[in-house]
Amino acid sequence: MEKILIVEDEEKLARFVELELKYEGYQVDKAYNGRDGLELIKTHPYDLVLLDIMLPELSGIEVLRRVRQFSSIPIILLTARDTVVDKVTGLDGGADDYITKPFAIEELLARIRTVLRTRHLPPPEVKSRVMTYKTLELDSEKREVKVAGDIIHLTKKEFDLLYYLMKNKNIVVKRESALDKIWGYDFVGNTNAVDVYVRHLRTKIEEPYNLKVIQTVRGVGYLIKDE
Ligand code: CA
């Protein structure tokens, strides 16, 4: 049974929604202010939260902001004021939907069903597969690299080196560890190979696009660093 938390200071409205939701087969908890609501979300595994914006103690927007720091739980905002500001702030803040009071209970139920259903869909793009840096995109599954939307043709080793640097973003990759990882422990030669391949990469992904991706850490190795 799916569990829904209602955070709403208008107790009459909260009780009415609670009864309707229970009738539909949901389990329901209630909180009458933002602080209690936040505490319940932290300590209970809800499937969805109905969150009023105008709340005592903590506003709904503030509760939303704090919840999004630790959870992607579906949240539908309840707003009394049909203002653009509320909607934009709420949706930018990570709300899944909003509904303006007064609302028809059927409309609320429909939105709850939609949010709960889409929650189970995979995200449109699997995050771990495509890594990005500025206008560079690296798809580790398709083994495809794009810069500013152009597909860049890389050799296997060039791709592997770029992938390794992207995977270790913000960490200095030593020449030795890149060699070991990409060329293998039995590589006979010197660490200049890494420099050569970094130069190839720069020719392909940086120079034509006037883009800085790989930084040199003198005497150590290379780094892709978020700015
Ligand atoms: Ca309120």
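## The model at a glance

This is a predicted model, so local features need pLDDT of at least 70, side-chain atom pairs count only at pLDDT 80 or more, and totals for chains, interfaces and linings use all residues. Residues are numbered from 1 along each chain as its sequence is written, and side-chain values use heavy atoms, with hydrogens and water left out.

The protein has eight helices and twelve strands; these are DSSP runs numbered from the N terminus, with helices being H or I of at least four residues and strands E of at least two. Of its 227 residues, 41% are buried, meaning under 20% relative accessible area, while exposed is over 50% and partly exposed lies in between (1.4 Å probe, protein chains only). The accessible surface comes to about 12900 Å², and carbon and sulfur atoms account for 51% of that (Shrake-Rupley method, 1.4 Å probe; for residues, only the protein chains shown count as cover). Take the contacts (heavy atoms within 4.5 Å) between residues at least 6 apart in sequence: 56% of them join residues at least 24 apart.

## Helix α3

Helix α3 covers residues 60-67, and its Gly60, Val63, Leu64 and Val67 are buried. Looking down the axis of α3, these buried residues fall within an arc of 100°, so they line one face of the helix. The arc is taken from the directions that run from the helix axis to the C-beta atoms. In general, an α-helix has 3.6 residues a turn, so residues three or four places apart point the same way.

## The calcium site

Three protein donors sit 2.1 to 2.3 Å from the calcium ion: Asp9 (OD), Asp52 (OD) and Met54 (O). Donors here are N, O and S atoms within 2.8 Å of the metal (3.2 Å for Na, K and Ca); water is not among the atoms, so sites may look incomplete. Along the chain, the donors follow the spacing D-x42-D-x1-M.

Asp52 is buried, at 2% relative accessible area, whereas Met54 is partly exposed at 48%.

## The four-stranded sheet

Four strands form an open sheet in the order β6-β7-β8-β9, with antiparallel pairing (a pair needs at least two DSSP bridges). The edge strands, β6 (130-133) and β9 (150-152), each pair on one side only. From one strand to the next, the twist averages 25°.

Strand β6 is joined by four bridges to β7 (residues 136-139), and the two run antiparallel. Met131 stands opposite Leu138 in β7. Helix α6 (residues 156-167) packs on the sheet, touching β6, β7 and β8 (144-147), and its direction makes about 105° with that of β7. Axes are lines fitted to C-alpha atoms, for helices over the stretch in contact, and angles run from 0 to 180 degrees between N-to-C directions.
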